[in-house]
Amino acid sequence: MKHFCRKKIFLLFAIAVFLTACGTVEPPETDEGFIPDGDLKFALVPNDNVPGDSVDANLAHGVRIFVHPNAHYELSFDIDGFAQSKPQLRLFRVYWNERIKTYAASWVRTINPEEENGRYVYKFVCGESDRSIWITSLNDGADFYKGRTKNVRLKANGEYSDHFSVNLIVAGKIKDLDVSYDSLARMLQKGFDRFYTSVKVDTVYVRFANEHPVVGKKYPKSEPWIAGRSSEDQMMTELGGWPEPDVFDALDIVLVHRFRQEGLLGLSDMFGANMGGGSGSTVVVANHNRQDGEDMIVDAERIVYTALHEIGHFFGLRHTTATHSDQDANGDYSVFDDGFSDTPYCFEKESGRAFLVKKGVVADFRQHFHRFAPRYNFTVSYQAVSDISRCPDASNLMFPMEAETELVGFSAQQLSVIRTNLMIMPH
């Protein structure tokens, strides 16, 4: 078995620690060549339409792809007419090597491309028993593929239900909430019915973290919970997958007092995509916002809209216009919008590729396995419009800031992605 150098093993270790769903995987006996040798910094999200130059540039030497059991996938990119031959796609997973006490890469399969409309298309079905992360490499004969891989896309579809339920999990003492928890759940239900029209939320349940049958003692209801301070895990993933039959595979929204970071109202993993508990299964929202050292009350209506926005990230939606903080959280400065034709970008790319930046704006999503801590509170403001309500995407739920514009909701393309990605998630 070939292994990564120490640097690559360290990077894979950071990836594999997150992959609790994968368990121990025995390495195969064949086809171990072309183990990805990149830094694995970038990821392909299913049904994402963003033109990511960084993924394009790194596909041959290793990017991560998110896969779910029994889902059908098509990875594709434009054919390079100057390349010598068709590249093979090799897919690898991460496994624990008991002999050397570390993580290494294990080959999953090798796929030859089909040619469709000027693109190489690689088709496969995920045979894992739970959600997983695979890693790509491309080879051309005896070497890594040296041709161009442009406009890389990962399409996916599945046959799971387009209905789901939601758990509203109250963590710690919630002060100054202007409605009851049951009323907040009803407001969430109305929000789903109004905006998430391509799917159906059957029920919004209310649960209390202190009543969790396993970890409840960690969450006393007498103390305000500060995500990132009361616990290191801002996402509070141990509360995901509530251990009751009817709600285990619901989407878990955790309500806390506030976040450690100033200016942060909600947080989700980008394409958390896990309805079964553990990493990627939670969305966190707060009923206080820390500003200039003071806790500002967030009313119930704002909490609901924050949750609806963060759940968009959970299903793989990006902000319609990327902020500088978004790009820093991505670790990818080639992404300026969400790539959808029906969600207009706030600035024309021809105008110096300006992006919306404002003091106090923080990244409200996390990238899986990101090696760099996101930075906050950028003060650069050149080329930013003075009134963000004038942005053509200000009424979209995935606009990155609050604007004095009535919310219209999601676009047709966004709604299609929400439904398609829900149906690849076991629930």
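Tutor: Let us begin with burial: a residue counts as buried under 20% relative accessible area, as exposed over 50%, and as partly exposed in between, using a 1.4 Å probe and protein chains only. This is a predicted model, in which local features need pLDDT of at least 70, side-chain atom pairs count only at pLDDT 80 or more, and totals for chains, interfaces and linings use all residues. Residues are numbered from 1 along each chain as its sequence is written, and side-chain values use heavy atoms, leaving out hydrogens and water.

Student: Is S231 buried or exposed?

Tutor: S231 is buried, because its relative accessible area is 16%. Contact means heavy atoms within 4.5 Å, and S231 touches W225, I226 and M236, not counting residues up to four places away in sequence.

Student: What is a nonpolar core?

Tutor: In soluble globular proteins, nonpolar side chains tend to be buried together. A nonpolar core is a set of buried Ala, Val, Leu, Ile, Met, Phe, Trp, Tyr and Cys residues joined through side-chain atoms within 4.5 Å. Here the largest has 75 residues, and those with the most contacts inside it are L75, Y196, L251 and F315. Another core, of 20 residues, lies apart from it, with L239, V247, V284 and A286 among its members.

Student: Which residues is F315 in contact with, leaving aside its neighbours within four places in sequence?

Tutor: With that exclusion, F315 is in contact with F164, Y196, L251, F271, V417, I418, N421, L422 and M425.
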